[in-house]
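These are my notebook entries on a single protein chain. I set down what I looked up, entry by entry.

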Amino acid sequence: MSDPDLRFWFDPVCPFAWLTSKWVRSVQRQRDYSVEWRLISLRLLNSHIDYDSHFPEGYEDGHNAGLHLLRVCAAARAEHGAEVLADLYPAISSRIFDADPSEQSLRPERGREVLAVALSDAGLPAGLAAAYDDEGWDATIQADTDEALALTGKDVGTPILHIAPPEGAAFFGPVISRVPSDEDALRLWDHVVGLATYPGFAEMKRSLRELPQLRALGVAEDEVGRTEDWHGGSRRLKK
C-alpha cells in the first residue's frame, strides 16, 4: 500500500485537533489528498506530569476519557482496517465539541454514551465498546504516540501532521481557533506547508489563543472566542 499524502495524529478530546481536522478535511476534499488518521494520547503524553499542580481542574478527567476512547479506535483499526478512523474520529469528536454546552459533553461518564452513538454512525459493531476499559490497547496507542514524537520531538501536543511521509516534514499544529472558509483553507495549507518544509525551520509560536470556535465551548461559528494565554501550550498552571 502506498503512503498517504498526509498522516494526522489525533486525540478525540483535543478541541484544537478537532478544529485542525476540519481544516484538513476541507483541503483533502479540494486537493483530493489521501489522509491516514493515527492515534496520540494526551494522557500518555503527560504521564510524567502531576495534573493537580500543572493543569486546571478537569484536565485529567478529559485526558483519561480520551485514552478510553482511543482504545476503542485502536480496536476498530485492528479489526476493521485503518480507514475506519476517517469516520470514527468525527463521529466521536463531533459529539464532544459540536454539542450544546449544557450537555457537559466532556464529562468522562458520558464517554460510553458518546461512543455507542459514534460506533453506530460509523457503521461499526457495538461490541467494539468493550475496548473502552481494556488497558491491553494502551501499548498500541503508546506506539502510535511514540512514532509521532520521533518525528517532532517531545515538546509538542496535538495534533501532529506529517506531510508526504515517510520523508516529508512533520510538525505539531497548526493550532487554529476558527474554521477557515474553503478558499482560506487552501491558502493556509500552502503557507503551512511552505514554512514547514523550508530547510532548517523549527518553530514559530505565540501562547495567546482564542477559545476555539466550537459550540460545546460556547463559541458559535460566527463568533470569536475570548483570548487566553496558553503558556506551555496547554494552560499549565506551573505551580
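**Entry 1**

I take buried as under 20% relative accessible area, exposed as over 50%, and partly exposed as in between, with a 1.4 Å probe and protein chains only. Helices (H or I, at least four residues) and strands (E, at least two) are DSSP runs numbered from the N terminus.

The model is predicted: local features need pLDDT of at least 70, side-chain atom pairs count only at pLDDT 80 or more, and totals for chains, interfaces and linings use all residues. Residues are numbered from 1 along each chain as its sequence is written, and side-chain values use heavy atoms, with hydrogens and water left out.

I then looked up the pairing, for which DSSP must find at least two bridges between two strands. Strand 3 pairs with strand 1 (residues 6-10) in the antiparallel sense over four bridges, and Leu161 is the bridge partner of Phe8. Strand 3 also runs antiparallel to strand 4 (residues 170-172), to which three bridges join it; here Leu161 stands opposite Phe171.

**Entry 2: the hairpin and the cis bonds**

The hairpin of strand 3 and strand 4 has six residues between the strands. In that loop I noted Ala164, whose phi is near 50°, a positive value in a residue other than glycine. Ala164 counts as partly exposed, at 42% relative accessibility. Pro166 is in this loop too, and the peptide bond from Pro165 to Pro166 is cis, with omega near 5°.

I recorded a cis peptide bond between Thr158 and Pro159, with omega about 5°. Pro159 lies in the loop between helix 7 and strand 3.

**Entry 3: two helices**

Helix 4 (residues 59-80) has 22 residues and reaches 31 Å from its first C-alpha to its last, close to the expected 32 Å. The expected span is 1.5 Å times one less than the number of residues. Gly81 follows helix 4 and has a positive phi, near 100°.

Helix 5 (residues 85-97) reaches 17 Å with 13 residues, close to the 18 Å expected. Its buried residues include Leu85, Leu88, Tyr89, Ile92 and Phe97. I found the buried residues of helix 5 packed against strand 1, helix 1 (15-31), strand 2 (35-39), helix 4 and helix 6 (111-121), contact being heavy atoms within 4.5 Å.

**Entry 4: the largest pocket**

The largest pocket has a volume of about 1200 Å³. Of the 30 residues that line this pocket, Phe172, Pro174, Val175, Met204 and Lys205 lie nearest its centre. Two or more lining residues come from each of helix 7 (138-152), strand 4, helix 8 (182-196) and strand 5 (208-210). Helix 8 gives the most, with five residues.

On a 1 Å grid over the protein atoms alone, a pocket is an open set of points where a 1.4 Å probe fits, with protein on both sides within 12 Å along at least five of seven lines; lining residues have an atom within 4 Å of a point. Grid points are joined across faces, edges and corners, and the volume is the space filled by probe spheres set on the points.

**Entry 5: two exposed loop residues**

Asp32, in the loop between helix 1 and strand 2, has a positive phi near 60° and is exposed at 68% relative accessibility. His48 lies between helix 2 (42-45) and helix 3 (51-54) and is exposed, with a relative accessible area of 65%.
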